[in-house]
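Reader: I have a structure to read and some terms to learn. Can we go through them one by one?

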Amino acid sequence: MARPYNFCAGPATLPEPVLAQAAAEMLDWHGQGLSVMEMSHRSEAFGQIHHAALARLRELLAVPPEFRILFMQGGGLGHNAIVPLNIGRGGKVDVVVTGAWSAKSLAEARRYADAQAATDTGPGYTSLPDAASWRLREDAAYVHVCSNETIHGVEMASLPAVDRPLVVDASSHILSRPVDWSRVGLLFAGAQKNVGIAGLTLVFVREDLLGQALPICPSAFNYTLVAEANSLYNTPPAYAIYIAGLVFDWLVAQGGVAAMDAAAARKSQALYAAIDASGGFYANRVDTAARSRTNVPFFIHDERLTAPFLAGAKAAGLLQLKGHASVGGLRASLYNALPEPAVAALISYLHHFQRHHG
Ligand SMILES: *Cc1c(COP(=O)(O)O)cnc(C)c1O
């Protein structure tokens with residue numbers, strides 16, 4: 001029986017071949033007589049899994065050698081605190097507030113630094129002001145952006161050029177497009193959107209930013225110590241690293257980031273076109289140039305139709321389309337692992353629902 005399509009914002013859909021391989025290897029990984037969950041993180045077997053995942057990731061995103069890649073815990077929200085503890089130097093931090101996630105990053109950075117909003121498009125968060133208009137302080141330790149706002153559906157088409165280290169929260173669209181590393185100081189992403197399962201956070205840190213953690217930074221969250229220990233400073237999220245490795249192999253087989261980039265464009269353009277062509281029955285409120293290719297929040301003109309829409313979608317095999325509680329309405333997340341036929345099925349359901357309620 002075919003599985004339904006899952007549009008959840010996170011934890012999100014995984015490639016079916018990855019789930020099948022994980023199931024097949026659950027009791028016995030490669031003849032070791034053990035599940036990956038039961039292995040020492042210092043064993044040779046786990047070492048293979050770890051190094052293969054790291055190498056694949058570096059290759060997929062063409063990560064230059066001056067960046068260290070760390071496999072950590074803490075999640076996106078954890079790293080909102082861990083970043084200022086590591087590179088804020090207790091000084092000034094400028095945060096570009098373009099949605100709920102960067103707003104949370106600002107609130108958290110304020111606990112450890114003199115953090116200030118360089119711009120704030122709230123409370124609606126439907127636009128992206130030009131970088132030239134941001135209020136950046138010359139002596140800020142870094143500038144923080146969220147390159148894809150998962151809740152509000154706002155995505156930066158490219159990373160801004162700023163003359164201080166740029167910190168990027170790319171949790172919800174990493175691996176959906178190439179990264180311009182020349183603009184990045186540090187980039188992090190929780191795994192449960194586009195990489196794998198919850199528990200793993202990817203951190204890419206430029207080497208010159210290491211070695212300046214505040215004394216109060218917990219050692220397990222000190223990027224320098226974690227880098228020196230090759231992400232084995234303490235027990236890493238071993239099973240989540242294994243799943244991420246399977247996803248990286250799957251991505252390579254699909255044609256890598258270039259193929260995902262093209263698919264993200266096709267999937268999102270088709271969905272926005274259907275919404276925009278509905279004569280106002282459905283609406284997405286984000287400025288066209290700022291629309292996310294990964295998370296598409298939308299509304300039905302009469303919000304009383306939202307509940308029947310969701311019930312009918314579920315019956316049609318289209319799961320988890322409810323909007324975030326703070327925004328309401330609906331949201332479709334179009335991550336790498338969501339196949340193109342899922343978007344086609346959603347678009348036919350949009351038409352079907354409008355015919356019956358329009
Ligand atoms: C999901 C998400 C987070 C939070 O991740 P947690 O792992 O729940 O802490 C942070 N930033 C963005 C952009 C996200 O999409």
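Author: Start with the contacts: 25 residues of domain 1 touch 24 residues of domain 2. Contact means heavy atoms within 4.5 Å. This is a predicted model, where local features need pLDDT of at least 70, side-chain atom pairs count only at pLDDT 80 or more, and totals for chains, interfaces and linings use all residues. Residues are numbered from 1 along each chain as its sequence is written, and side-chain values use heavy atoms, with hydrogens and water left out.

Reader: What makes domain 1 and domain 2 the parts of the chain?

Author: The bounds come from an automatic or database domain assignment. Domain 1 covers 16-253, and domain 2 covers 255-357. Their centres, taken over C-alpha atoms, are 27 Å apart.

Reader: How do you know how much area domain 1 and domain 2 bury between them?

Author: Buried area is the accessible area (1.4 Å probe) that two parts lose on being put together, summed over both. Here that comes to about 1,900 Å², with 53% on carbon and sulfur atoms. Thr126, Ile151 and Glu155 supply 26% of the area that domain 1 buries against domain 2, more than any other three residues.

Reader: What holds between domain 1 and domain 2 in polar contacts?

Author: There are 15 residue pairs in polar contact, both residues at pLDDT 80 or more. A polar contact is a pair of N or O atoms within 3.5 Å; within protein, one must be able to donate a hydrogen and the other to accept it, and residues adjacent in sequence count only if both atoms are side-chain atoms. Salt bridges between the two domains number 0.

Reader: Which elements give two or more residues to the side of domain 1 that touches domain 2?

Author: Strand 7 (154-155) and helix 6 (238-254) do. Helix 6 gives the largest share, 4 residues. Helices (H or I, at least four residues) and strands (E, at least two) are DSSP runs, numbered from the N terminus.

Reader: Why is the pair Glu155 and Arg177 called a salt bridge?

Author: The rule asks for a side-chain nitrogen of Lys or Arg within 4 Å of a carboxyl oxygen of Asp or Glu. The N to O distance in this pair is 3.2 Å, so the pair meets the rule. Glu155 is in strand 7, and Arg177 is in the loop between strand 8 (166-169) and strand 9 (186-190), 22 residues apart. By the rule, the count comes to 13 salt bridges.
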